[in-house]
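Good morning, colleagues. Please take a moment with the sequence and the structure before I turn to the charged residues and one of the helices.

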Amino acid sequence: MQFETVIGIDVSKLSLDLALISPDGEVESFKVENKPLSIKRFFKKLSKTIDMDHTLICAEHTGHYGYPLRKVCLELNLSLWLEGGAEIKQRSGVTRYKNDRVDAIRIADYAKRHQDKAKIQTVEDATLEAIRSLSSERELFIKERAKYKTHIKDLKGFMDEELYKARSRRLKKQVESLSKLIKDIDQQIKTLLEANETLSEQKAILTSIDGIGEQVALHTIIATGAFTKFGSGRKFACHVGVAPFAFESGTSQKSRRKVSYRANIHLKTLFHMAALSAVKMKGEFRDYFERKVAEGKNKMTVINAVRAKLINRIFALIRDNRKHEINYNLPLA
């Protein structure tokens, strides 16, 4: 679909800066409060002068600050494209100054030039949205719990014994409280997954693979939007940061293939732990690891290859809608 009008939006906590590029190239700037009611009023007023059905709205993906905009666009059936900030910045050329109004114009200009790449937001499955929110809350509690555990360990022997005991008791109560909250969230996520046939089946498929545990499976399902956002294992491997790329220029500049630093670090860490677990288990991944190391390959390079193979295995089994079986092994080159 070719969009006649493009709106670029710079999202901040309190307000939205909007830049509208009309079909004849004229630019108008607006500013509205970042609240659903204010955003809805603006778009309804705008719909009286332009055709919103042929208007593309593009904003930088800013996490929860973009929720009001996304909510209104889905409610009014508007075409909203949320793009990564790095992608917009790299394709906007050299910039020498910055403010919210100018950023909105740059986003609009980016959207107008690259609208053929637009990925329009859709209403996600309510269960998946709830699981994503609970998982985010769980990660927050885990980080807090780790902080308190570290304090308990580090302070021992470095302060008055009585003071340490009193502080340790208080910190342990915090740890126990957070552990209970994490357990409650895990139960809520389990209940939601079991109630949704598609998500439950996907989780069962993923956890049937050596090294893939509950959290790796859960975060993979969330990141892929229940396997609707990535067309192949290779694309998801790029997102995770385990797909190697060549770096060459002319005849003199060459380097070994290596992964990009642009990656989802949390997912990369999870798949690293999954790969370590897989090579410790008796089976094809351990055989592959030992064979490659015996050939003289660097251990971390082989571990990265195992991470990529786990991802490709996941996508192959999801495509075939079947669990991993011993007699259904995809070849490990």
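I begin with R113, which is partly exposed, at a relative accessible area of 43%. Please keep in mind that this is a predicted model. The partner of R113 is D109: the two form a salt bridge, with 3.1 Å between the closest N and O atoms. D109 is likewise in the partly exposed class, at 33% relative accessibility. Both belong to helix 4, residues 100-113, where a spacing of four residues separates them by about one helical turn.

In total, the count is 16 salt bridges. Another of them joins E214 and K203, at 2.6 Å from N to O. Since E214 sits in helix 8 and K203 in helix 7, this pair ties together parts that are eleven residues apart in sequence. K203 is buried, its relative accessible area being 19%.

K268 is found in helix 10, residues 265-280. A polar atom of the K268 side chain does lie 3.2 Å from the backbone oxygen of G241.

Finally, I turn to helix 1, residues 36-46, in which I39, K40, F42, F43 and L46 are buried. Viewed down the helix axis, these buried residues fall within an arc of 160°, and therefore line one face. They pack against strands 1, 2, 3 and 4 and against helix 2. The face turned away from that buried side carries L37, R41 and K45, which are exposed.

Technical notes:
Residues are numbered from 1 along each chain as its sequence is written. This is a predicted model: local features need pLDDT of at least 70, side-chain atom pairs count only at pLDDT 80 or more; totals for chains, interfaces and linings use all residues. Side-chain values use heavy atoms; hydrogens and water are left out. Helices (H or I, at least four residues) and strands (E, at least two) are DSSP runs, numbered from the N terminus. A polar contact is a pair of N or O atoms within 3.5 Å; within protein, one must be able to donate a hydrogen and the other to accept it, and residues adjacent in sequence count only if both atoms are side-chain atoms. Buried means under 20% relative accessible area, exposed over 50%, partly exposed in between (1.4 Å probe, protein chains only). The arc is that of the directions from the helix axis to the C-beta atoms. Contact means heavy atoms within 4.5 Å. A salt bridge is a side-chain nitrogen of Lys or Arg within 4 Å of a carboxyl oxygen of Asp or Glu.
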